[in-house]
Amino acid sequence: GENVEQHPSTLSVQEGDSAVIKCTYSDSASNYFPWYKQELGKRPQLIIDIRSNVGEKKDQRIAVTLNKTAKHFSLHITETQPEDSAVYFCAALYTGTASKLTFGTGTRLQVTL
Amino acid sequence: NAGVTQTPKFRILKIGQSMTLQCTQDMNHNYMYWYRQDPGMGLKLIYYSVGAGITDKGEVPNGYNVSRSTTEDFPLRLELAAPSQTSVYFCASSQGLEGTEAFFGQGTRLTVV
């Protein structure tokens with residue numbers, strides 16, 4: 001099955017700086033890579049996703065890049081704000097015989113003033 | 001549009017008791033998932049279903065059972081609760097296949113004492 005590794009586990013940046021979170025996946029058949037944000041005590045919510053036929057995708061201050069050859073993908077947040085503080089999860093969709101969404105272990109991002 | 005609804009939101013069980021966590025979605029999604037999230041940890045897949053009548057094990061299925069008699073409902077059953085099952089449980093659903101967002105319920109916080 002799929003295995004997703006995520007680094008770092010915690011990340012502290014100053015407001016206005018950029019933050020980068022990296023993930024690697026094991027199954028070359030995975031072809032969909034979403035990123036979820038989870039605020040304290042709340043449910044995970046999708047913030048951006050990328051499909052395997054695309055190398056990069058941007059949405060305002062958030063971007064995701066995908067390197068299929070190396071089997072890794074990254075989340076980039078620019079001009080960070082205090083409201084970006086949360087836990088971020090990457091995930092990979094392992095199709096195989098069924099659609100099984102596998103998550104990374106999460107990154108706790110703290111944006112300080 | 002309610003999305004994914006989980007009940008109950010909180011529950012305390014004694015060791016050896018049984019309970020069913022309810023999950024229902026009104027988006028006509030084929031794919032449904034159960035995850036558990038231990039404190040400060042990531043999301044681990046317990047069971048998933050690709051359609052009514054079809055279920056399969058995820059990463060941590062021991063101690064749990066599921067059924068999927070309708071498209072809308074995907075209950076999770078704990079037969080003999082153990083302290084190791086203390087966790088937050090999230091149900092999620094998606095349209096299926098790659099490139100479709102998974103929507104999460106609000107979670108059930110379960111404590112086994």
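**Exercise 1.** Determine how many residue pairs are in polar contact between chain A and chain B, and which elements of chain A take part in the contact side.

*Solution.* Between chain A and chain B there are four residue pairs in polar contact, both residues being at pLDDT 80 or more, where a polar contact is a pair of N or O atoms within 3.5 Å, within protein one able to donate a hydrogen and the other to accept it, and residues adjacent in sequence count only if both atoms are side-chain atoms. On the side of chain A that touches chain B, two or more residues each come from β4 (32-38), β5 (45-51), β9 and β10 of chain A, strands being DSSP runs (E, at least two residues) numbered from the N terminus. That side divides into nine nonpolar, six polar and five charged residues, with Gly counted as polar.

This is a predicted model, in which local features need pLDDT of at least 70, side-chain atom pairs count only at pLDDT 80 or more, and totals for chains, interfaces and linings use all residues. Residues are numbered from 1 along each chain as its sequence is written, chains are lettered from A in the order in which they are written, and side-chain values use heavy atoms, with hydrogens and water left out.

**Exercise 2.** State how much area chain A and chain B bury between them.

*Solution.* The two chains bury about 1,800 Å², 58% of it on carbon and sulfur atoms, buried area being the accessible area (1.4 Å probe) lost on being put together, summed over both parts.

Technical notes: Helix = DSSP H or I, 4+ residues; strand = E, 2+ residues; numbered from the N terminus.
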